[in-house]
Amino acid sequence: MSFDAIKVNDSVFDGSEYFEEAHRCDLYGQKIAAAVLCRALLEAALANRVDSDQWIKDQMKPQSSYIHNMLLQAKLAGLIDQNRYKAGIIVWQAGNDAIHDLLKFHQFYAAKMPEIIDSTRKILEDLMK
């Protein structure tokens with residue numbers, strides 16, 4: 001895992017502040033906050049890269065996931081590969097469980113936060129190429 005600053009191209013969206021804060025939260029044992037920030041970062045990066053015109057968001061059905069649909073679109077567009085897609089699902093689920101199902105978060109994701117943060121970073125770097 002690399003702790004160097006994220007280098008992204010010049011873009012309206014710069015997720016480095018989110019990422020650095022998520023990383024600091026994890027280092028200080030604030031795993032819930034780290035998971036929520038990773039989820040927020042994932043959503044913001046995806047929205048910027050694959051749904052800047054909000055077409056996907058406008059087509060959403062009430063019970064479907066915006067993040068899941070954007071991850072799928074990013075994969076179909078070749079912006080991320082299957083491994084990043086699967087990692088994105090985990091980032092999304094960890095953030096959701098940190099907010100909505102704390103017992104499940106602790107059971108499945110809290111101990112994996114360093115890997116989840118690293119996955120978030122890799123997805124962000126792929127999306128910003």
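Analyst: In this predicted model, phenylalanine 108 has a relative accessibility of 39% and therefore counts as partly exposed. Tyrosine 109, in contrast, is buried, with a relative accessible area of 9%. The structure holds one aromatic pair. It joins phenylalanine 108 and tyrosine 109, whose ring centres lie 6.4 Å apart; their planes stand at 55°, so the pair is classed as tilted.

As to the helices, α2 (residues 31-50) packs with α5 (residues 82-100) at an angle of about 130°, and their axes are 8 Å apart. The two helices are therefore oblique to each other, and the crossing of α2 and α5 is left-handed. From α2, the residues Ile32, Ala35, Val36, Cys38, Arg39 and Leu42 take part; they meet Gly88, Val91, Trp92, Ala94, Gly95, Asn96, Ala98 and Ile99 of α5. By class, this contact of α2 with α5 comprises 10 nonpolar residues, three polar and one charged.

Helix α2 also packs with α1 (residues 16-27): the axes of α1 and α2 come within 7 Å and cross at roughly 160°. An angle over 145 degrees counts as roughly antiparallel, and α1 and α2 are therefore described in that way. Their crossing is left-handed. Tyr18, Phe19, Glu21, Ala22, Cys25 and Asp26 form the α1 side of the contact, while Lys31, Ala33, Ala34, Leu37, Cys38, Ala40 and Leu41 form the α2 side. The contact of α1 with α2 contains 10 nonpolar and three charged residues, and no polar ones.

Conventions: Residues are numbered from 1 along each chain as its sequence is written. This is a predicted model: local features need pLDDT of at least 70, side-chain atom pairs count only at pLDDT 80 or more; totals for chains, interfaces and linings use all residues. Side-chain values use heavy atoms; hydrogens and water are left out. Axes are lines fitted to C-alpha atoms, for helices over the stretch in contact, and angles run from 0 to 180 degrees between N-to-C directions. Helices (H or I, at least four residues) and strands (E, at least two) are DSSP runs, numbered from the N terminus. Angles under 35 degrees count as roughly parallel, over 145 as roughly antiparallel, 65 to 115 as roughly perpendicular and the rest as oblique. A crossing is left-handed if the near helix is turned anticlockwise from the far one by less than a right angle, and right-handed if clockwise. Contact means heavy atoms within 4.5 Å. Ala, Val, Leu, Ile, Met, Phe, Trp, Tyr, Cys and Pro count as nonpolar, Asp, Glu, Lys and Arg as charged, and the others, Gly among them, as polar. Rings of Phe, Tyr and Trp (its six-membered ring) pair if their centres lie within 6.5 Å; planes under 30 degrees apart count as stacked, over 60 as edge-to-face and the rest as tilted. Buried means under 20% relative accessible area, exposed over 50%, partly exposed in between (1.4 Å probe, protein chains only).
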